[in-house]
Amino acid sequence: MPNLTKSSRAALLASLSLNAGQAEVSDPRVILPIAEHARALEPEVVLIVGDRGAGKTQLVRALEDESVRAALVRRIPGLRAPVGHVEWRTVQTLGRGGPIQPAWRSFARAHGRERDDVVGVWLAYLVRLLSDHLDDTSRVAMQDLLMAPGVDAAACLDAYRPHALAAAAALDALDERLAKEGRWIFVAYDELDTLVLDDWHALGVLVRGLVSLWAAYARRWRRIRPKVFLRSDFYRHHREIAGADVAKLAANRVELQWSDKNLYAALIKHILNKRDGNGEERLYEHFAPVVPVVDDDVLGHLPALIDARDARLFVNRLVSEFMGANNKKGLAFTWILDHLRDGNGRALPRTLVWLIEFAAEIERAQPRAVGSHLLHHVSVRNALDRVSEQYVEQAQTHEFAWLAGLGERLQRDREVPWNRRELMKLVGHQFDRTWGASAQEIRPPGQDPEEVIQSLVDLGVLRQRPDASFDVPDLYLKGLGLIRRGGVAKD
């Protein structure tokens, strides 16, 4: 391919605008048809598990779209999708009509020891969600439940109690009617980890109540089908506590894992389907010659990769073959994913897209690339720090509010790696003080420094080396304000 001119490269870089990596993106062209992920459509699947950034919310938004569901069925042979009319409803756990975080926290602390209460409150909100499908007699009989202030979980529970049997009977009747009419209602629960950000125990109480509800009713109702989206670390941490209830749902779960092939396919799909301000597909025209592509009327341009290595030519054109002047700096194809992996060796599409978009922004500000390449390797290296900062900032704003306190404690010895004794001392410093960025009380993910360290390893924030020392992967390094001992400058 001929070399890019300065103006043509600038136009391509401008097309890589910084609006991706957000789970809420609803454009169906960002959805990659992965067989295991699409199994979330199957009626028997109740539990969908994925790491933070694995695409849980994006999948929920996609499956709300009837055309996307049809496209996935068309593209994935053997998918046991429901036959008939499907209505997909997403429970807005913190949205209008439901409790706010302080209300959920108060409810969990007041009712956490009463399993029936926590199950009951979820049933109360299910009745409210599906009230428009209930018969007139049921709606009139449960009017006080339907009119209770949704922001007050305790009030909804109190209103539900006198109608517990009537509510179950009404939902039984709805399920039977749906079956006769060849219809389905899928009820999706997403962003459960945001219910209570600052209390791991309270969050566990609420989610275990929801799991217990559907462990009891998923077999009872055949046409009202739940879809419970859980973060992987929460699932691993709480499955033993929830015991048999989780086991019932987990036997046929979907895990949103990302192979290297699918990671690169997601990135390529995102780039191929980008349009510039005039609606032109400049990026597609630039990269299509080196990527096998099939087209779908709904899902757009789909990279037809058989193996991860099929993405090498794409990466070579995007950056270059090597992350430097020669092979001593490593292959760009392997370097990119390796430096985005967490301590468990997992990389996610959100951070991969960020890396390329941040690199494009850096390249626009300080052009270095030559030939047919779009990005210079120095821009990609520098973008890695921005990915780390963005990733940690989002995590501590949402799911991992305690990351701010962790970073503060680790500043006392910023150079990684540490041995266990050094790390115990850092993590244990003022352990009982809040781990949040503000005066709000935020607790770490463990009852003592030893448990916190193990949680950090499980979450991939830390990586334990063969010599028993502890390292921090690049994904978290810059964001936590840390440096690697003996590290070299990126430019």
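At 0% relative accessibility, S388 counts as buried, because buried means under 20% relative accessible area. Keep in mind as you look around that this is a predicted model.

**Two serines in helices**

S388 belongs to helix 19, which covers residues 377-397. Its side chain reaches the backbone nitrogen of G479 at 2.7 Å. Beyond its neighbours within four places in sequence, S388 is in contact with D474, L475, Y476, L477, K478 and G479.

Now turn to S212, which sits in helix 11 (residues 200-217). Is S212 buried or exposed? With 7% relative accessibility, S212 counts as buried. Leaving out neighbours within four places in sequence, its contacts are R115, V119 and D245. Take V119 from that list: S212 and V119 are 93 residues apart in sequence, yet their C-alpha atoms are 6.6 Å apart in space.

| Residue | Helix | Relative accessibility |
|---|---|---|
| S388 | helix 19 (residues 377-397) | 0% |
| S212 | helix 11 (residues 200-217) | 7% |

Next, find the open sheet of five strands, ordered 2-3-4-1-5 with parallel pairing. Why is one side of strand 2 (85-91) and of strand 5 (254-255) left without a neighbour in the sheet? Both stand at the edges with a single partner strand each, so one side of each has no neighbour there.

Strand 2 runs parallel to strand 3 (residues 183-189), and seven bridges join them. Helix 6 (residues 115-129) lies across strand 2 and strand 3, and runs at about 130° to strand 3.

Methods
Residues are numbered from 1 along each chain as its sequence is written. This is a predicted model: local features need pLDDT of at least 70, side-chain atom pairs count only at pLDDT 80 or more; totals for chains, interfaces and linings use all residues. Side-chain values use heavy atoms; hydrogens and water are left out. Helices (H or I, at least four residues) and strands (E, at least two) are DSSP runs, numbered from the N terminus. Buried means under 20% relative accessible area, exposed over 50%, partly exposed in between (1.4 Å probe, protein chains only). A polar contact is a pair of N or O atoms within 3.5 Å; within protein, one must be able to donate a hydrogen and the other to accept it, and residues adjacent in sequence count only if both atoms are side-chain atoms. Contact means heavy atoms within 4.5 Å. Two strands pair if DSSP finds at least two bridges between them. Axes are lines fitted to C-alpha atoms, for helices over the stretch in contact, and angles run from 0 to 180 degrees between N-to-C directions.
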